[in-house]
Amino acid sequence: MQAFLFLLGLALGAVSPSEELAVEPQQNSCPVFWTFFNGRCYKYISTHFTWADAEFHCVSLGGNLVSIRNQEEDNFVGSMIRNFDPARGYTWIGLSDIHKEGRWMSSDGCAARFFFWSSGQPDNYRGREDCVCTNFGSAKKWNDFPCSHTYPSVCASRITCP
């Protein structure tokens with residue numbers, strides 16, 4: 001309802017676009033084929049993209065590669081991936097240190113504060129691993145990989161940074 005009133009205000013000229021308020025998605029407001037969890041909408045993308053192309057694809061859908069903020073969200077993303085890929089293959093998430101080695105940044109612009117690295121990771125193997133996949137090893141945790149590799153990905157709706 002709040003979103004409808006905002007759009008109505010725009011149509012009537014009562015609210016300028018610069019005054020737009022961030023509105024969290026409601027359970028029934030996710031786009032078709034997106035899944036609602038804990039205030040956000042998520043979409044598994046089975047197409048194999050490089051990390052940058054996966055991020056561009058998510059942006060074209062109105063989101064970003066998922067930036068996982070806690071263990072509960074990592075568990076949800078893992079379950080979602082398993083629904084589409086029972087083997088839980090490598091899957092891009094929205095984390096990279098491509099701009100500065102060892103400084104992990106979320107692609108949505110929020111600070112990266114939660115990490116779920118596999119043992120011995122990240123290791124920047126051969127100095128060329130700057131983008132992050134989930135589902136590495138038997139524990140299905142995170143690993144850094146070359147951004148040029150192609151994998152499926154998970155997009156998430158944008159949120160206000162915590």
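This is a short tour of one predicted model, stop by stop, with something to select at each stop.

Before you click, note that residues are numbered from 1 along each chain as its sequence is written, and that side-chain values use heavy atoms, with hydrogens and water left out. Because the model is predicted, local features need pLDDT of at least 70 and side-chain atom pairs count only at pLDDT 80 or more, while totals for chains, interfaces and linings use all residues.

**Stop 1: helix α3**

Select residues 71-84. You've got helix α3, with 14 residues. Helices here are DSSP runs of H or I with at least four residues, strands are runs of E with at least two, and both are numbered from the N terminus. From first C-alpha to last, α3 reaches 20 Å, close to the 20 Å expected at 1.5 Å a residue (the expected span is 1.5 Å times one less than the number of residues).

Which residues of α3 are buried? Colour E73, D74, F76, V77, G78, M80 and I81 to see them. Buried means under 20% relative accessible area, exposed means over 50%, and partly exposed is in between, using a 1.4 Å probe and protein chains only. An α-helix has 3.6 residues a turn, so residues three or four places apart point the same way. Show the strands around those buried residues: their cover includes β1, β2, β4, β6, β7 and β8 (contact means heavy atoms within 4.5 Å).

**Stop 2: strand β4**

Next, select 91-96, which is β4. Six of its six residues are buried. T91, I93 and L95 point one way, and W92, G94 and S96 point the other way. What sits alongside? β6 runs antiparallel to β4, joined by three bridges, and T91 has T134 as its bridge partner there. β5 is antiparallel to β4 too, with two bridges, and L95 stands opposite S106. Two strands pair if DSSP finds at least two bridges between them.

**Stop 3: the cysteines**

How many disulfides does a search of the whole structure find? Four, where a disulfide is a pair of cysteine sulfur atoms within 2.5 Å. Counting bonded cysteines along the chain, the pattern is 1-2, 3-7, 4-8, 5-6.

- C30 and C41: the sulfur atoms are 2.0 Å apart, and the link is left-handed, with -90 degrees about the S-S bond. C30 is in the loop between α1 and β1, while C41 is in strand β2.
- C58 and C155: this link is left-handed, at -80 degrees about the S-S bond. C58 lies in helix α2 and C155 in strand β8, so the pair ties together parts that are 97 residues apart in sequence.
- C110 and C161: the sulfur atoms are 2.0 Å apart. C110 is buried at 4% relative accessibility, but C161 is partly exposed at 37%.

Last, click C133. C133 is buried, at 0% relative accessibility.
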